[in-house]
Amino acid sequence: GCQFTPAPDADGDGICDTIDNCPTVFGQVGSPCDDNSACTTGDTLDSNCTCVGTAITCDDGDPCTIDSCDPSLGCQFAPAPDADGDGLCDAIDN
């Protein structure tokens, strides 16, 4: 009788490699993923099968902090310089 052998599915996502648009990455274009960066949100597989997210904005609204993002820690708010040491950061010190 007829015998059928399943086609390979290298990434194990349940879609055989012959019709999988990302055969070496689990998921499909547009699938949610995790790019392992605390500085992005809404991570999805792009058309190159790369997991990418949208950069988050780190802004605490405080002119006396330097706002940045560390991919492993997320938003960071370091004290801004106070050149004359009077307790008012340079950004608000007249």
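1. Helices (H or I, at least four residues) and strands (E, at least two) are DSSP runs, numbered from the N terminus. Q28 is found in the segment before β1. This is a predicted model, in which local features need pLDDT of at least 70, side-chain atom pairs count only at pLDDT 80 or more, and totals for chains, interfaces and linings use all residues. Residues are numbered from 1 along each chain as its sequence is written, and side-chain values use heavy atoms, with hydrogens and water left out.

2. Q28 is buried, at 16% relative accessible area. Buried means under 20% relative accessible area, exposed over 50%, partly exposed in between (1.4 Å probe, protein chains only). The side chains of Q28 and D13 make a polar contact of 3.1 Å. Such a contact is a pair of N or O atoms within 3.5 Å; within protein, one must be able to donate a hydrogen and the other to accept it, and residues adjacent in sequence count only if both atoms are side-chain atoms.

3. Strands β1 (residues 40–45) and β2 (residues 51–55) pair in the antiparallel sense over four bridges. Pairing requires that DSSP finds at least two bridges between two strands. T40 has A55 in β2 as its bridge partner. The two strands form a hairpin with five residues between them, and C49 in the turn has a positive phi of about 65°.

4. The structure holds five disulfides, each a pair of cysteine sulfur atoms within 2.5 Å. C22 and C49 form one, with sulfur atoms 2.0 Å apart. C22 lies in the segment before β1 and C49 in the loop between β1 and β2, so the pair ties together parts that are 27 residues apart in sequence. The torsion about the S-S bond is about -90°, so this disulfide is left-handed. C22 and C49 are buried.

5. C33 and C51 form a disulfide too, their sulfur atoms 2.0 Å apart. The torsion is about 100° here, so the disulfide of C33 and C51 is right-handed. C33 sits in the segment before β1 and C51 in strand β2, 18 residues apart. C33 is partly exposed at 25%, and C51 is partly exposed at 21%.

6. C39 is joined to C69 by a disulfide, S to S 1.9 Å. That link is left-handed, with -105° about the S-S bond. C39 is buried at 12%; C69 is partly exposed at 27%.

7. Which cysteine is in no disulfide, with C16 holding the nearest cysteine sulfur? That is C2, and the sulfur of C16 is 19 Å away. C2 is exposed, at 71% relative accessibility.
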